[in-house]
Amino acid sequence: MEIADFLAPRIHIVCGKGGVGKTTVSAALALVAARAGYKVCVAEIDHKGSLPRLFGASEPSYEPSELSPGVWALNVMPEDALAEYLEVQYHMKRVSKVLTSTHFTDYITTAAPGLKDILVLGKIWYLEQNRAPGGRRYDFDTIIVDAPAAGHMITFLAAPMGLADAVQVGPVKRQADWLIEMLTNPARSIAHLVTLPEEMPVAETLETSQKLDDELGVSQGVTFANGVYQDSLSDEHLALLTKPSSLQSCADSVGLRLDKEDFDALNGYASFLEARSAIQAKHLRVLAKSATRPIVRLPHLFGSGLTLPDIETLADEIEGKLQEL
Ligand SMILES: Nc1ncnc2c1ncn2[C@@H]1O[C@H](COP(=O)(O)OP(=O)(O)OP(=O)(O)O)[C@@H](O)[C@H]1O
Ligand SMILES: [Mg+2]
């Protein structure tokens with residue numbers, strides 16, 4: 001598949017269970033798009049700021065800021081989205097400050113469940129429609145949505161449908177319909193699932209994929225199987241780690257002195273990796289058997305916390321694997 005075909009829909013929704021690598025994959029996809037010459041904006045839907053941190057920036061902001069050439073990001077919080085909505089729709093700039101305090105947003109969104117999600121999706125719609133506050137224009141070619149964790153994701157994407165059912169006429173109904181059209185038009189939006197090769201994430205991914213097809217009608221791109229040990233550590237490497245004689249000669253070749261404790265620790269770690277690899281392979285087979293979309297495997301990258309060069313590596317992987325599809 002050509003990168004341009006993959007990037008044809010402007011909105012890419014990256015979904016998955018908590019902690020499977022949604023933000024990491026969103027960042028890697030952003031690099032893939034930026035390298036292809038697209039101006040890309042990643043919308044993170046929570047206040048963690050994990051994505052800007054990967055690019056060395058600290059504070060997430062509601063208005064997009066450029067993190068690296070061609071890669072922009074923003075953090076969509078419902079309070080800010082409500083303020084923007086009231087300002088755009090009702091010119092309520094001064095009042096909106098009071099109305100959109102976290103307390104008030106909590107109050108009205110408790111009264112109308114799903115409203116928070118609608119407000120957040122509304123901001124994605126503004127991004128897609130190039131409508132920036134103050135009459136300015138956005139000009140993003142690609143919008144990547146780092147979606148909330150899977151459990152909430154279905155309610156998140158289903159919110160406009162709930163609202164369209166509840167409100168039959170008027171501007172709110174019209175706006176809900178615009179969001180439904182945005183999410184269900186394959187030329188505009190596509191969802192990619194992210195999973196780890198583990199039992200629960202795989203089961204949940206298959207379930208989410210089915211729900212996207214059956215209940216939401218949101219089209220799906222690829223499923224990322226993230227953190228695959230086998231792809232970062234070859235059988236050859238593993239065999240090397242488990243054989244004391246090979247380890248010894250490796251250590252000797254770089255002038256490293258290892259004592260028995262070091263050997264035992266390395267050996268134990270190798271056995272752990274070997275066992276994990278075998279378990280992952282089993283879950284990858286389950287995924288491959290039941291998934292209805294192409295699977296893109298991403299390696300587990302060893303180290304203490306991912307940094308930008310790691311995201312570049314994952315972007316290389318994605319580019320290579322997409323070409324093979
Ligand atoms: N391929 C990988 N190799 C090694 N570590 C990874 C990989 N992908 C993600 N991680 C690490 O796993 C952790 C979770 O990743 P990430 O924050 O991207 O997940 P998430 O799905 O966005 O989590 P959350 O649901 O909390 O937002 C992070 O510490 C990240 O650095
Ligand atoms: Mg995240």
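Author: Welcome! In strand 5, Thr142, Ile144 and Asp146 point one way while Ile143 and Val145 point the other, and all are buried. Keep in mind that this is a predicted model.

Reader: Nice. Which way does strand 1 run against strand 5?

Author: Strand 1, residues 11-15, runs parallel to strand 5, and four bridges join them. Valine 14 stands opposite aspartate 146 there.

Reader: And what about strand 2, how many bridges does that pairing have?

Author: Five bridges, again in the parallel sense, between strand 2 (residues 40-44) and strand 5. Aspartate 146 turns up here too, as the bridge partner of glutamate 44.

Reader: Switching topic: how many residues surround ligand 1?

Author: There are 17, and the closest are Gly18, Gly21, Lys22, Thr23 and Thr24. By type, the shell divides into five nonpolar, eleven polar and one charged.

Reader: Which element gives the most to that shell?

Author: Helix 2 does, with three residues. Helix 2 spans 22-35, and strand 7 (220-228) also supplies at least two residues.

Reader: One last thing: is helix 12 well covered or hardly covered?

Author: Hardly covered! Helix 12 takes in residues 244-253, and the count of buried residues among its ten is zero.

Reader: What comes just after helix 12?

Author: Look for glycine 255, which takes a positive phi of about 70 degrees.

Notes
Residues numbered from 1 in each chain as written. Chains lettered and ligands numbered in written order. Predicted model: local features only at pLDDT ≥ 70, side-chain atom pairs only at ≥ 80, totals over all residues. Near = placed C-beta within 6 Å. Nonpolar A, V, L, I, M, F, W, Y, C, P; charged D, E, K, R; others polar. Buried ≥ 20, exposed ≤ 12 C-beta atoms within 10 Å, placed from the backbone. Pairing = 2+ DSSP bridges.
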